[in-house]
Every structure is written in C-alpha cells, then in structure tokens.
Amino acid sequence: MLILLFRCGGNAPADHLRSLEPVNMLKRDHPRYSIVQLVLLICISFAWQIDGQTIRSPVSKPLPTLADLQEEMRRRLDRPQLQRGHIGIKVVSLSTGSVVFEQNSEKYFMPASNMKNFTVAAALEKLTPDFRFVTTIFASALPDQSGTVNGDLRIFGRGDVSLSKGFADGDPVKSVDLIAERIAGAGIKKITGDIIADDTYFRGGPLPSGWEWDDLQWYYGAEVSALPLNDNAIELSVTPGPVGYTCSVRMVPYNPVYRIRNQCMTTAAGSVRTLKIEKLLGQNQLEISGTLPTGNTGFNGQVAVSRPAELFAALLKQRLEEKGIAVTGGYRTMSRMAKTEQMPSVEIAQLESPPLALIAAKTMKPSQNMYTEVLLWTLGENERARLSRSVPRAAAADIEKDSSALGIDAVRGFLAEVGTAPDSVLQYDGSGLSRHNLITPSAVVQLYSYMAKRSKYAQAWRDSLTIGGVDGTLANRFRGSAAEGNMRGKTGTLNQVSALSGYVTTAGGETLIVSFLVNGVAQTRDRTGLIDDLVIALANFKGRIDEPAAR
C-alpha cells in the first residue's frame, strides 16, 4: 500500500506550497504520479492558513440588478423615524432618461435652497456666464485742473455682489478701496459735496416675499441692495472680559453706521452662559445682553446690515479721506423718490465685477441667499429692458412690476423652455429662504437634464455645483465613500427640510440625475442621513441601468 503524506494547511509560507512533494519522491513517469497531482490539486483548492490569514478560492458574484438597487432604496426609506415625514425622490439615467427610482416625484415639497437651482440656471442661460455687474461713478462735472469736483459724487450700483470680502481674500475694505482707486484714477483730489450711494437700480422693498422675521438679523437673511457690501453683513465677536466687567465686543469693519448697546457681563468660570444678541428689526442697532463666564468661547458670527448702501457710502468717504482725497460734505443714500434732474450724471469711472460664471459658483457652493436674490432681481431688470424694447410695447403693468416679480417671470419663461410642467414650480423668492416656495422632484430632474444635455453653458453650470467631500455645503459629507468627489449638486436646509439634487456616477460608470426632497422630519441627522445613504447606494451600484424601473 502506498502512503502519501502532504502538508496541506498549517502555517507554511506560500513558497512552501509550491514545493510540496510526496514523501517517497515519486518520479514523474511513475504510474501513480497522476494520482499525486490530483490529490495536490484537491488539497490546494481548500482553504489554508498562511501567516495567520485564511485565503479562499475566489468565487465570482453576479452583478446586482436594478431590482436589487430599488429594493435597497426602499429598505432605507422604511425607517421608523421617517414615517411621519414627506419624502420625494426621483433618480433617472442622464444618458437615456430611464427612471431608476421615484417616490412622490410629482408632489409638492418645500425646496429650501434647492430653489437656487432654478434661479442660477436661469441667470446663466439668460445673462450668460460672461455677464458682469457694473458700478458707475458720476459727478456733476469732470474735475477741474486742481482735481476738484464741485458738487456731489454719486455711486450708482447695479447689484455687484463681488464687492465683498469673499472676493477679496477676506479683506472687508478692499472692495471699497477698488472704488476709491477708480475715483483717484480719474484725477479727483477733492469733493466739495456729499458721497451719494445710489441703490435705486432695483425696484421694490429690500426683503423678498415670505422671509420670516427671525431670519432677518443673521447674514442668511440679509437685505437685497443694488449697492451690496460684504454680503450685507458685519462680523461680530463677543468674548468674556474681566469678571464683573462688560463683555468685549468687536465689529468688523468698524463703521459709524452700526450702533451697539452692550449690557453683557462677564461672570466667573463655570457659571451659566446667558448671552443674547438681538438686532432691532430694520435698524442697524444691536442689543447685547446676558452673561458670559470666563473661558467661554463667546460668539463669532455675521449679523445682517439694514440699508447696506448707507454703510457703503460711509466707508467710501472714510477710505477716500485716508487716501488723501478731501470730502467736505457728508454721506447719504438716494431713494427712487428723491431722484431729480439735477443729480450728478457725468460718468467719471466704473468698476466691473468678475464674470457671472465665478459668481454662480460662489452662490451655489456655499448657498449664498443674498447673491441669489440679486441674480433674480437682475433677471427682472433684464426682463424690464426686454419688455421696454418689445413691439408692440408690453403692458405698463408688467413693465412697472418690482424687480423680483419680473425676475420670477423670467425664471418661469426659462422653465417653459426647459420643459418642466407649468405648475411644477411655485416660486416666491430666488434663494429658497421663503417657506412659500414649492417644487417637485421631477421639475428638478428635468432642469438638471436640460443643463447637462441642452444648455450652451453646461460647463459653467457643472462648475457651480458643490462637490461631495470637497467643497461648499457638501465639504463634510460623503468623505471616504464612493460619492466623495463624485456627487455634484445643490443642497437645501430649513427647519424640518433637507434636500439634495445633482449628478452622481455609479460604480458601473453610468451618470444619474438625482433629486431628494425631505420635508417634515424633525431631526436634521435623520434627513441628511437618509439622503447620504441613498446617494452612496447609487454610487456603489455596479450593475447596469438598462431595464425599465419597477414602479
């Protein structure tokens, strides 16, 4: 009887497996050599231990099907914490338009900042990515030989949101300095009148329809102005001082317009923090009260500015004087009612903004509300000019509408070109801060399809979107997942509302358009957790989107 002994398993290194031989060292021409080969093959096919790790023979798994993906998405939607909410979803293939998954896709949802999708897309299409805002400087006459302007200097704004520290490496006065440099470059050394900030380009009140009063004191509820500055907000810092003394308050940029009443007191370490910051409605006045214990981090944030054109005029006068240009008058703003034939109208200089393509990215990625409203109102003024040129001339009632109303008309006209259902978008503002806005997931998907496949400005649109795990409002989401650097789109957040729409590419190489709108779920982590899980499931999908979706 022939006995064959092998080492099959154990902790031998991999090289040893290649040298396994039967103990009697059978020759290759031995009749039983084929039996030895067979036993070796069987032995090696089983699991063995190499350096403490179990190595198994690979087993090919079938690719997941579309039905598998749909079932996974339904399972994630079936969470107890979501049951009282209202969830709308639509996912389609970008290339074919076939529906991958949908739920309540034709129902209305509050979009929060997903409203920005429609406003910014319309601005790119109708104004073009090369559009630039222009701020013009007027005087009663050109400066005389001594460099003196006899009379007022008027700064006429048209909504240049780039007059901001966000476009100036964080410098809060650099934008004002750009205007001052244009004035100095025109040879002006003295102004005998006032600095007038003219923000009459836009028509209508400074606040969009439907904004809530408790949003208005913070940067995200800042007023709209044709002469914006630093996003129409100031930086505010409140920190503890010595125990028993008032807290330390710092405002940037320092200016003569904002008034602060500081009644906040510093208390001993470990005591309760009761700090309260309140901006009086419609006024540039802050009431700071309560207590801050020693060692507390205090408050650092941005507070909205009322009548930002007044702040613009005050800072411009200040910066001109620091540059050696004398201003013998004061500073003031101009209302539409106060415009007269005698207003300064000789152009001295002008300043152009960066192109809209850049402004669109700085609007969408951080979800900047005021910028979006300015874009909507600019669309309105563009529409007013079009109506004025139309033959036959448009109805006077249309031409005299507020800038925001005309802007909404312009977006509505654009969406008709996109092909969205006429009643699928109810718009009240540009940014989505109004809770009166309503949209459907289908309308968002149709917009994203148009911008990717039919728009002349598809690249500018794509470049404006926030990227998962990389920048903007998605900078801290999807990190370490297949959606990092992959998911591109627009978020949305209000109390009890979260949204995300955009593009994501599957592991199988297919690009999808997605729209997720979640309303009525109390906890933010539950809303965003669901959205993120669904996006990651799509990004991980290795199958093909080539069959009709189950309904």
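**Close-up 1. Strand E24 gives the most to the lining of the largest pocket, with five residues.** The model is predicted: local features need pLDDT of at least 70, side-chain atom pairs count only at pLDDT 80 or more, and totals for chains, interfaces and linings use all residues. Residues are numbered from 1 along each chain as its sequence is written, and side-chain values use heavy atoms, with hydrogens and water left out. The largest pocket holds about 620 Å³ of space. Its lining has 30 residues, with Tyr219, Tyr220, Pro366, Ser367 and Asn369 nearest the centre. Helix H8 (369–389) and strand E24 (488–494) are the elements that give two or more residues to this lining. By class, the lining has eight nonpolar, 13 polar and nine charged residues. Ala, Val, Leu, Ile, Met, Phe, Trp, Tyr, Cys and Pro count as nonpolar, Asp, Glu, Lys and Arg as charged, and the others, Gly among them, as polar. A pocket is an open set of points on a 1 Å grid over the protein atoms alone, where a 1.4 Å probe fits, with protein on both sides within 12 Å along at least five of seven lines; lining residues have an atom within 4 Å of a point. Volume is the space filled by probe spheres set on the points, which are joined across faces, edges and corners. Helices (H or I, at least four residues) and strands (E, at least two) are DSSP runs, numbered from the N terminus.

**Close-up 2. The second largest pocket holds about 350 Å³ of space.** It is lined by 18 residues. Nearest its centre lie Asp199, Gly204, Pro206, Val224 and Ser225. Helix H6 (308–322) and strand E19 (331–334) are the elements that give two or more residues to this lining. Eight lining residues are nonpolar, six polar and four charged.

**Close-up 3. Three strands form an open sheet in the order E11-E10-E17, with antiparallel pairing.** Strands E11 (248–252) and E17 (299–304) are the edges, each pairing on one side only. Pairing takes at least two DSSP bridges between two strands. Six bridges join E10 (residues 233–239) to E17. Within this pairing, Ile234 has Val303 of E17 as its bridge partner.

**Close-up 4. Ile536 sits in helix H13 (residues 524–540).** Ile536 is partly exposed, at 23% relative accessible area (buried is under 20%, exposed over 50%, partly exposed in between; 1.4 Å probe, protein chains only). Leaving aside neighbours within four places in sequence, Ile536 is in contact (heavy atoms within 4.5 Å) with Phe478, Ser481 and Ala483. Met487 is 49 residues from Ile536 along the chain, and their C-alpha atoms are separated by 9.0 Å.
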